[in-house]
Amino acid sequence: MSENLLDAHTFSLDWQGNIYTVATITQHMSHTTKLIVATLNRKVFCLELSMSHCARPCGCVVVPQTQELQFTYIPSGAEIISIDAFNRSKVGDDFVIGVTIIKSAESGSPGQYLNIYSDWDSVIDCRQFELENLAQSCFSLPLEFIPYQLTHCEVEELTVWLLGGSDRKVHIYSEHMYQEVEPGELLLCPPSMSSPPSLSSLHLPPPSPPVCHPLLGPTQVFHDLLSNGLTSSTHLPQSSTHDMATTVCVADIGLTGQHRLVVGTYGQELLVYRQVEGEDGGAEW
């Protein structure tokens with residue numbers, strides 16, 4: 001698998017981020033995915049690799065592009081903790097970007113916030129989507145806990161934010177009113193979902209089972225969440241042999257139509273898992 005992965009380009013950043021400060025967006029009718037990368041010193045960049053035709057034998061060349069985005073409501077002295085994005089539209093470009101920040105005492109109002117950015121005017125006026133316009137329209141939601149990973153999932157045509165916190169809970173926010181809701185109100189999962197173990201990352205890739213990896217120990221895949229909550233899980237073999245797992249995603253990396261679980265570790269190893277039928281007829285990884 002590793003021999004098929006090519007190092008296309010390396011983007012240099014003037015400051016470090018963390019494992020939660022990367023998001024992706026893919027515009028409608030486009031085959032190009034853009035990376036949204038945030039750094040701890042409040043800078044946000046859009047990174048993209050585009051194809052340009054040339055006279056080479058292959059007929060094209062990869063062109064790297066970098067654009068700095070100026071997000072409002074991120075004051076001096078604040079740190080960006082996590083970022084995520086999704087498209088609310090099935091037929092166009094109506095992106096929403098969520099950014100969690102921690103304000104220091106230097107800013108005059110210390111605290112934690114979830115900033116939600118969207119560009120309603122582009123949808124109403126049928127204007128072309130521009131990331132610069134989206135970054136200027138913000139709704140800021142105060143938090144009573146230290147935010148960790150920010151992600152999202154779809155529940156019956158509704159996209160909700162999922163935010164892990166220092167209170168050992170996964171907080172759910174509805175995109176309609178941008179207020180915290182109870183899990184039972186969305187039929188997403190039973191109340192036990194609000195008290196998971198200490199997590200370093202959580203991934204809910206519909207229709208796949210949810211995946212989380214604790215701060216210490218092997219990565220777990222939970223089964224039949226609606227019926228069992230967090231009581232039925234399977235450990236991914238060798239997922240704790242390369243130091244702590246820091247991130248996970250679901251992708252068709254072989255372009256075969258079959259999804260794989262990709263686990264990234266602090267030991268700089270990518271572990272790829274697929275589901276197979278076990279000896280007892282059940283599923284194994």
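Predicted model: local features only at pLDDT ≥ 70, side-chain atom pairs only at ≥ 80, totals over all residues.

Reader: Thanks! How many helices and strands does the chain have?

Author: The secondary structure comes to four helices and 21 strands. Of the 285 residues of the chain, 40% count as buried. Buried means under 20% relative accessible area, exposed means over 50%, and partly exposed is in between (1.4 Å probe, protein chains only).

Reader: Let's go inside. Which residues of the largest nonpolar core touch the most other members?

Author: Of its 22 residues, those are I36, V44, F71, I74, I97 and V99. Elements that each supply at least two residues of this core include β1 (22–26), β2 (33–38), β3 (44–53) and α2 (131–134). β6 gives the most, with four residues. Apart from this core lies another, of eleven residues, among them V96, L143, L150 and W161. A nonpolar core here is a set of buried Ala, Val, Leu, Ile, Met, Phe, Trp, Tyr and Cys residues joined through side-chain atoms within 4.5 Å.

Reader: What does V44 contact, leaving aside its neighbours within four places in sequence?

Author: V44 is in contact with I36, V37, A38, Q67, E68, L69, F71, I80 and I83. Contact means heavy atoms within 4.5 Å.

Reader: I also spotted I25. Is that one buried or exposed?

Author: I25 counts as buried because its relative accessibility is 2%. I25 lies in strand β1, and its C-alpha atom is 7.6 Å from that of I36, eleven residues apart along the chain.

Reader: Now the sheets. What is the order of the four-stranded one?

Author: That open sheet runs β5-β6-β7-β8, with antiparallel pairing. β5 and β8 (138–143) are the edge strands, each pairing on one side only. On average, neighbouring strands of this sheet are turned by 20 degrees against each other, direction ignored. Axes are lines fitted to C-alpha atoms, for helices over the stretch in contact, and angles run from 0 to 180 degrees between N-to-C directions.

Reader: How many bridges pair β5 with β6?

Author: Eight bridges, in the antiparallel sense. A85 stands opposite I97 in β6.

Reader: And which strands form the three-stranded sheet?

Author: That open sheet has the order β17-β18-β19, again with antiparallel pairing. Its edge strands are β17 (245–251) and β19 (270–273). Six bridges join β17 to β18 (residues 260–265), and R260 in β18 is the bridge partner of A251.

Reader: Switching topic: how many salt bridges does a search of the whole structure find?

Author: Two. A salt bridge is a side-chain nitrogen of Lys or Arg within 4 Å of a carboxyl oxygen of Asp or Glu. In one of them the side chains of K43 and D14 meet at 2.8 Å, N to O. K43 is in the loop between β2 and β3 and D14 in the segment before β1, so the pair ties together parts that are 29 residues apart in sequence. K43 counts as partly exposed because its relative accessibility is 28%, and D14 is partly exposed too, at 45%.

Reader: Which residue does D94 form a salt bridge with?

Author: R88, the closest N and O atoms being 3.0 Å apart. D94 counts as buried because its relative accessibility is 10%, and R88 is buried, with a relative accessible area of 17%.

Reader: Last one: where is Y148?

Author: Y148 is in strand β9 (residues 147–155) and is partly exposed, at 35% relative accessibility. Y148 and Y20 are 128 residues apart in sequence and 7.4 Å apart in space, C-alpha to C-alpha. Leaving aside neighbours within four places in sequence, Y148 has contacts including Y20, I81, T100 and L163.

Definitions and conventions:
Residues numbered from 1 in each chain as written. Heavy atoms only, no water. Pairing = 2+ DSSP bridges.
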